[in-house]
Amino acid sequence: MRILLISDIHSNLEALEACLAAAPAYDLVVNLGDVVGYGASPNEVIAISRGLGKIFVRGNHDKAVCGITDVKDFNPIAGLAALWTREQLDDESLRWLRSLQQGPIAVEGISNVQFVHGSPIDEDEYIVTLRDAIEPLLVSSVPLTFFGHTHLQGSFSAEEDHGDAARPLYRTIGQSESSEFPLREGVRYMINPGSIGQPRDGDWRAGFVLYDSDAQIVTFYRVPYNLKSAQDRILAANLPQRLATRLAAGR
């Protein structure tokens with residue numbers, strides 16, 4: 001099965017459309033959460049996301065926007081964006097956000113794989129370094145975990161007495177690119193497809209992953225999108241200017 005992994009769209013319509021246009025053929029879409037927040041197109045992004053399939057893990061911004069958690073736990077800019085997003089959504093969209101499942105979730109027909117937003121231990125945990133990843137890698141009963149939340153594309157792995165961290169290698173800063181990452185038998189992995197709507201690894205391009213469960217290959221992708229249009233939407237909505245400028249820096 002060929003699974004399209006998308007995460008952290010954050011209401012960025014232009015980035016989502018660019019990723020879907022660039023994505024290769026797939027059988028299934030799994031969304032790792034944070035559909036909304038930060039960006040200026042929450043209704044459009046929710047509509048497209050729901051049309052892609054029914055497999056979602058809830059993110060922390062999804063919870064805050066629909067009122068499951070309090071925005072007081074966010075920094076002021078993120079909190080402001082969450083409250084603005086809540087005001088834009090109709091009751092049906094808010095109910096849909098509230099219905100999203102807490103990770104980890106499994107998908108029927110895909111064995112030994114789980115899907116989370118933060119980590120298998122804590123849905124809101126940030127797995128940024130190998131040290132962060134070691135415990136969830138070792139204690140989880142599932143050898144392959146796809147996660148989001150950090151907006152950092154890459155992988156962590158553990159086998160026998162050592163672990164490793166890897167980031168995909170790209171050659172350009174503005175073109176569509178992909179990077180294959182074969183999975184090895186007997187190794188445990190945590191893999192982050194990166195953020196579609198707000199990357200934070202210094203590369204402004206939108207990121208996603210295709211997982212081929214038969215070939216056991218993960219392919220990372222980076223795709224340019226209409227950055228100015230996404231920024232203009234944010235500014236026109238009177239959202240904080242920082243939410244627009246940071247997109248260009250990939251931070």
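Two strands are taken to pair if DSSP finds at least two bridges between them, and the helices (H or I, at least four residues) and strands (E, at least two) that I shall name are DSSP runs, numbered from the N terminus. What we have here is a predicted model, in which local features need pLDDT of at least 70 and side-chain atom pairs count only at pLDDT 80 or more, while totals for chains, interfaces and linings use all residues. Residues are numbered from 1 along each chain as its sequence is written, and side-chain values use heavy atoms, with hydrogens and water left out.

Let me start with the open sheet. Its six strands follow the order β3-β2-β1-β10-β11-β8, and the pairing is mixed. At the edges are β3 (55-56) and β8 (177-182), each of which pairs on one side only. Strand β2 (residues 28-31) runs parallel to β3 and is joined to β3 by two bridges, with Asn 31 standing opposite Phe 56. Across β1 (2-6), β10 (206-212) and β11 (217-223) lies helix α1 (residues 13-22), which runs at about 35 degrees to β10; axes here are lines fitted to C-alpha atoms, for helices over the stretch in contact, and angles run from 0 to 180 degrees between N-to-C directions.

How many of the residues of β6 (154-159) are buried? Six of its six are, where buried means under 20% relative accessible area, exposed means over 50%, and partly exposed is in between, with a 1.4 Å probe and protein chains only. In a regular strand the side chains alternate between the two faces of the sheet. In β6 both faces are covered, with Gly 154, Phe 156 and Ala 158 buried on one side and Ser 155, Ser 157 and Glu 159 buried on the other.

Strand β6 pairs in the antiparallel sense with β9 (residues 188-192) over five bridges, and Ser 155 stands opposite Ile 191 there. Five bridges also join β6 to β7 (residues 162-166), again antiparallel, with Phe 156 opposite Ala 165. The hairpin of β6 and β7 has two residues between the strands, and in that hairpin Glu 160 takes a positive phi near 50 degrees.

Ser 157, also in β6, counts as buried because its relative accessibility is 11%. Leaving aside residues up to four places away in sequence, Ser 157 touches Leu 130, Leu 137, His 162, Gly 163, Asp 164, Val 187, Arg 188 and Tyr 189, where contact means heavy atoms within 4.5 Å.

Finally, the helix pairs. Two packed helices are described by the angle between their axes and the distance between the axes. The axes of α7 (residues 227-236) and α8 (residues 241-249) come within 8 Å and cross at roughly 170 degrees, which means that α7 is roughly antiparallel to α8. Angles over 145 degrees count as roughly antiparallel, those under 35 as roughly parallel, 65 to 115 as roughly perpendicular and the rest as oblique. From α7 the contact includes Leu 227 and Ile 234, and from α8 it includes Leu 243 and Leu 247.

For α2 (residues 42-52) and α5 (residues 91-99), the axes come within 11 Å and cross at roughly 55 degrees, so α2 is oblique to α5. In this contact Asn 43, Ile 46 and Arg 50 of α2 meet Glu 92, Ser 93, Trp 96 and Leu 97 of α5.
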